[in-house]
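Colleague: I would like to go through this model with you before I plan anything around it. Please take it in short steps.

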Amino acid sequence: MSEALSAGPPAVSTVPARARSRAPRGLFAAAAFSALLVLLPIAFTFWRAASFGVGEAVDLIWRPLVGELLVNTVLITVATTLVCAVLGTAAAWFVERTHLPGRRVWAVLSAAPLAMPAFISSYAWVSLSQDLQDFNGALLVLSCAYFPLVYLPVAAALRGMDPALEESARALGCNRWSSFIRVVLPQLRPALLGGMLLVALGVLSEFGAFTLLRFHTFTTQIYAEFRTSFDGGGASLLACLLIVICLIVLAFEFRVRGAARYERVDRGTRRAVLRYELGGWRWVVVAGFALLTIVTLGVPLGMIGYWLTQPGAAAVTPADVSPELLFNATISSLGFGLAAALLTTLLVVPLAFLLVRYPTRFATLFERTVFLAQGVPGLVIALAIVSLAVHALQPLYQSATLLVVAYAMLFMPIALVSVRAAFMQAQPRLEETARALGLSWSQTLFRVMLPLAGPGLGAAAAMVFISVVTELNATLLLSPLDTQTLATQVWADTSTMAFAAAAPYAALLTGISLFASGLLFALLGRSALLGERG
Amino acid sequence: MAYSSFGTRLRILSGAAALTLTAFAAMPSAAHADSITLYNAQHEQVVNLLAKDFEKQSGTSVRIRNGEGPAMAAQIVAEGAATPADVYFTENSPELMLLEEKGLLNKVDSATLATVPTRFSSPTGSWVAVTARENVLAYNTTKLQPSQLPQSLFDLAKPEWKGKVGIAPSDGDFLPLVSAVLALKGEAQTVQWLKGLKANAQIFDDDEGVVAAVNRGAVATGLINNYYWARLHAEIGDGKTRSAIYHFGNGDAGALVNVSGAAVLKSAHNPAGGQKFLAYLVSDRAQQLMANSHVMFEYPLHAGVAPDPILKPLADLTPPSLTIEQLGDDSQAGKLLRQAGLL
């Protein structure tokens, strides 16, 4: 009770939380802290860029190379987004709307490439053929990596669609194709656009794949600046340009997401969706799915398997693959993953709770701020943190703590979505009852809300864990002295073309990612992926 | 009951999280009693080999941070007195010259300096030369005959070489080449040369990428350090090697010899251990190890230690006449590369 008294004005402390207009100060402060944490590296990047004189800044930005990078970056982003849109929509339509043989298997296999980091599949493709590089290689690898981002929302939208509209269109004389174009596609727009914008953000932030495939974009150039001048030079200016591009995409994404809420069709009882017979075409479609699976999963896994059986050449192998090194790298990856998953989830709990229970303008502002991290490439955040640490936070410099905090900054948006959804599902009535029975808000949080939101918290932690284990940028720039993770080992070996040496690390990394994703899917994702209950 | 036990579990979990974080935070400070921290921009496999041997010999353990030379030098400058580094070991002298000018280096023990020819080491004795490597032109033997190769580095900027040159301008090894051209020819000619290269060249991230592309025929020639060709050759063997190296002659800028060296930092926590490591690097034992291990294709500078037989003898090279001081600290090279659109 004393806690409740100190947390809010005494006169209203016994009123159920929902009725109060002001959030407890501690909660508000914790939520604000999370938002500020995300804002810190972004603000620092702009501040560094602002320290250049106007003339100097113009010299650094208005040079031929920046123009080329802009063209490359925009081209690869647009091309990948379009390929993913077509691939993802087609896959989703066949899985959801036709009698495709083995559709459950294809549904899982169409989502699975999300667990395969783009830099790992780049490693596989590059080691298969050095000719697969530049634009075409990048387009292939990134399309494979990101098309599930379109597939998943579009498949969900197709599942949720009311078949009545489509039937009416068919009855009024539209054929299959024109009813798809005129009726289905417009209804898919929010899901499709949302997915495409996520793809665009992913491509804009991609770094590892571009470097391994030797395709030059803003991120690879920012890293080149880092390699030639550490935190000086024009990296922060280029970073600001990239942030601006990303934020434009993010702004579109916000709009599409906002619009999606209004356009949702009524969710009352309805008949099962229409499924088309494919007839003789079905084996062609099955062959298409098989090919897609071979390209997205078969080749990367196959190449890792192949290199596992090859001896490494001593001259190009940074370190002999000893069981000890392998073990240490695995432990580092898992340790960072777990620590970051816990910290990130803890950091978003207050904000998610604030958003659900005290949805004021400030709460929304904090939420938007956290989502900014989604639009800022990991490389940029990592670079800002290195600079910040070396100039202002010496005790934390090169420490494992700082790396874990960096992960939290990067992955708070992922965790927030899941934790907020979990709190939304927890009935406020139970919370009110707990408050009425005399529990303080923090007791209510721990004894009522968190247990109810448990699965959502677990999902958030698991998603952060997977993201951290497969993360490259921040790990590369911020890993403490003498610490290697699976990702940095794959990176070091692949950039010296020691493909055999990289294989055990790549295999373990992919294994952990696929296993954790599979677990997450088995526990929570089944209904999302296959439209089944439980 | 179930709820409160979940709450307890949650508190235990958050406690565990805090513990994990603290344990991680404690890691970097848990240094060994006798250890040195090495900022390494030399090749990892070589330095891992040397560090292990040094640990066995001296009982001093070596903690290594790997990076690209120019970035690590700039990092040491940014870190200032708080740098965790005791020793900096890099592939190219200009980065060491930069730290020397900034007054961040301790003098090297004179016995260590005396082990290698003085013209390679720091003029003031602030760092010691360890090995040397040569800039060369790698060419694809199915695409070009030796007679078709250019007389000079500057020919590569001419229109007839359009699309036929591979370079890695953001590799630490490219900056000294630019500095050498600048020292020999002045700014105007250097920028002109770089702009010609920009028009002609395929850009790669590092020398490894350049030499691999030359070997598979994706580009006819590539500017690299000889090290990378020898390494690729060792990896793939004679059967798959479709490339060779060409030495620019007559003191051409393209035949620049880079010096790899090491220094103890003024702010070192273990200066004695650092000096021991430097002495080890130029010792007969370490230099033999480098020359004979088939992982290091540079010229050992310790008198009497022969380089890997695949290398042309050091005495037969004809590098441009530039002292270490004239080559400088690379401070202009980045600016010129930007001006030419290569960075």
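Colleague: What share of the contacts in chain B with a separation of 6 or more comes from residues 24 or more positions apart?
Modeller: This is a predicted model, where local features need pLDDT of at least 70, side-chain atom pairs count only at pLDDT 80 or more, and totals for chains, interfaces and linings use all residues. Residues are numbered from 1 along each chain as its sequence is written, and chains are lettered from A and ligands numbered from 1 in the order in which they are written. Two residues are in contact if their C-beta atoms, placed from the backbone, lie within 7 Å. Among contacts in chain B with a separation of 6 or more, the share from residues 24 or more positions apart is 78%.

Colleague: What is the mean pLDDT of chain B?
Modeller: pLDDT is the predictor's confidence in each residue, from 0 to 100. In chain B, 90% of the residues reach 70 or more, and the mean is 88. Over residues 1-7 of chain B the pLDDT is below 50, and this stretch has 10 contacts in the model beyond near neighbours in sequence. Residues 25-31 of chain B are also below 50, with 9 such contacts, but the mean for chain B remains 88.

Colleague: Which helix of chain B gives the most to the side of domain 1 that touches domain 2?
Modeller: Domain bounds come from an automatic or database domain assignment, which gives domain 1 (29-132 + 258-312) and domain 2 (133-256 + 330-339) in chain B. Their C-alpha centres lie 26 Å apart, and the contact takes 21 residues from domain 1 of chain B and 18 residues from domain 2 of chain B. Helices (H or I, at least four residues) and strands (E, at least two) are DSSP runs, numbered from the N terminus; α3 (69-79), α4 (93-101), β4 (128-140) and β9 (257-264) of chain B each supply at least two residues of that side of domain 1. With 3 residues, the element giving the most is α4(B).

Colleague: Which residue stands opposite B:S243?
Modeller: B:S243 belongs to strand β8 (residues 243-246) of chain B, on the covered face with B:I245, while B:A244 and B:Y246 are on the uncovered one. Strands pair if DSSP finds at least two bridges between them, and β4(B) and β8(B) pair in the antiparallel sense over 4 bridges. The residue opposite B:S243 is B:N140.

Colleague: Why is A:A209 called buried?
Modeller: A:A209 lies in helix α11 (residues 208-212) of chain A. Leaving aside neighbours within four places in sequence, A:A209 is in contact with residues including A:A118, A:F119 and A:V141. A residue is buried if 20 or more other C-beta atoms lie within 10 Å of its own, exposed if 12 or fewer, and partly exposed in between, with C-beta atoms placed from the backbone. A:A209 is buried because the number of other C-beta atoms within 10 Å is 26.
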